[in-house]
Amino acid sequence: MTSGLVIVAKNDAAHRRLSDQFKSREVHKTYVALVHGRMANRQRGNRPPGGPRPTASHAHEGGRNCSARCLTKYRVLRRIGPFTLVEAMPQTGRTHQIRVHLASLGHPVVGDNTYGAPAKLRFGGNDEPTLPRTFLHAAKLAFAHPISGAPLQLEAPLPAELAAFLAHVESCAG
C-alpha cells in the first residue's frame, strides 16, 4: 500500500483535463521511500555547501506493466544505518514502477516483499519484524488546476506509522 496524495476529479470535464495532464506528463509526482542498503548517488562530484544534491535516474525495460522504457529519477535524502531515505520522481507512470526500479538497483523498498525486501530487519545482531506495508509515500504533486489552469502544488507529510518507523530506524542506527 502506498500512502499520500491522490487526485480525484469532481466531474467529467475535470477528469478529462487531468487525464490529459497525466498523458502529457505535466503532473509532477514526488514520492518518499525508505530502501534497504546504503544507496549512493550515481552522479558524482562536489556540490557547494547547501547546494542541491545530485539527482540520478534509472531506466528499466520490461517488468510488470513496463513493457516500454520507464524512467524514475531519484535522489538520496539521507543514509540511516543500513537504510537510505530517497525521493523518487517517476517520469513515466507504470504500475509498481518505483518499486521495480529501486529493487532492480539492489535497494528494495522496506516492507516490499513482492520485490525482494527481507521479511526481517537486522539491528545490532537482533532480528525485528519489518514494516507491514511498503515504505512508499506520495509526498508531493504539482499540476495545473483542471478548470482555472492555476498551478497547484500539494504536499502530504508522512503518515504517523511511517514517521514512527523512521524514528525507530534512526534510533537503532544511532
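So, F165: if you skip its neighbours within four places in sequence, F165 is in contact with L34, V110, L121, L131 and F135. Bear in mind that we're looking at a predicted model. F165 comes out at 11% relative accessibility, so it counts as buried.

Let's stay with one of those partners, F135. Its relative accessibility is 0%, so F135 is buried as well. The structure holds one aromatic pair, and here it is: F135 with F165, tilted, 6.4 Å centre to centre and with 50 degrees between the planes.

Now zoom out a bit. Both phenylalanines turn up again in the largest nonpolar core, which has 28 residues; L34, L102, F135 and F165 are the ones with the most contacts inside it. Which elements supply at least two residues each? That would be β2, β4, β5, α2 (97–104), β6 (120–123), β8 (136–144) and α3 (160–173). The largest share, five residues, comes from β2. As a general remark, nonpolar side chains tend to be buried together in soluble globular proteins.

On to L34, then, which lies in strand β2. With a relative accessible area of 0%, L34 is buried.

Is H36 buried or exposed? Buried, because its relative accessibility is 12%, and the cut-off for buried is under 20%. Setting aside neighbours within four places in sequence, H36 is in contact with P82, F83, G106, H107, P108, V109, V110, A117, P118 and L121.

F83 brings me to strand β5, residues 83–90. How much of β5 is covered? Eight of its eight residues are buried. F83, L85, E87 and M89 point one way, T84, V86, A88 and P90 the other way, and that includes a glutamate, E87, among the buried ones.

What does β5 pair with? On one hand there's β2, residues 28–36, antiparallel over six bridges, with A33 standing opposite V86. Then there's β4, residues 70–80, also antiparallel to β5 and joined to it by eight bridges; there, R75 has E87 as its bridge partner. β4 and β5 form a hairpin with two residues between the strands, and in it G81 takes a positive phi near 55 degrees.

Last stop, Q97, which lies in helix α2. At 4% relative accessibility, Q97 counts as buried. Beyond its neighbours within four places in sequence, Q97 is in contact with C70, L71, T72, P90, Q91 and T92. What does its side chain find there? A polar atom of the Q97 side chain lies 2.8 Å from the backbone oxygen of L71.

Definitions and conventions: Residues are numbered from 1 along each chain as its sequence is written. This is a predicted model: local features need pLDDT of at least 70, side-chain atom pairs count only at pLDDT 80 or more; totals for chains, interfaces and linings use all residues. Side-chain values use heavy atoms; hydrogens and water are left out. Buried means under 20% relative accessible area, exposed over 50%, partly exposed in between (1.4 Å probe, protein chains only). Helices (H or I, at least four residues) and strands (E, at least two) are DSSP runs, numbered from the N terminus. Two strands pair if DSSP finds at least two bridges between them. A nonpolar core is a set of buried Ala, Val, Leu, Ile, Met, Phe, Trp, Tyr and Cys residues joined through side-chain atoms within 4.5 Å. Contact means heavy atoms within 4.5 Å. A polar contact is a pair of N or O atoms within 3.5 Å; within protein, one must be able to donate a hydrogen and the other to accept it, and residues adjacent in sequence count only if both atoms are side-chain atoms. Rings of Phe, Tyr and Trp (its six-membered ring) pair if their centres lie within 6.5 Å; planes under 30 degrees apart count as stacked, over 60 as edge-to-face and the rest as tilted.
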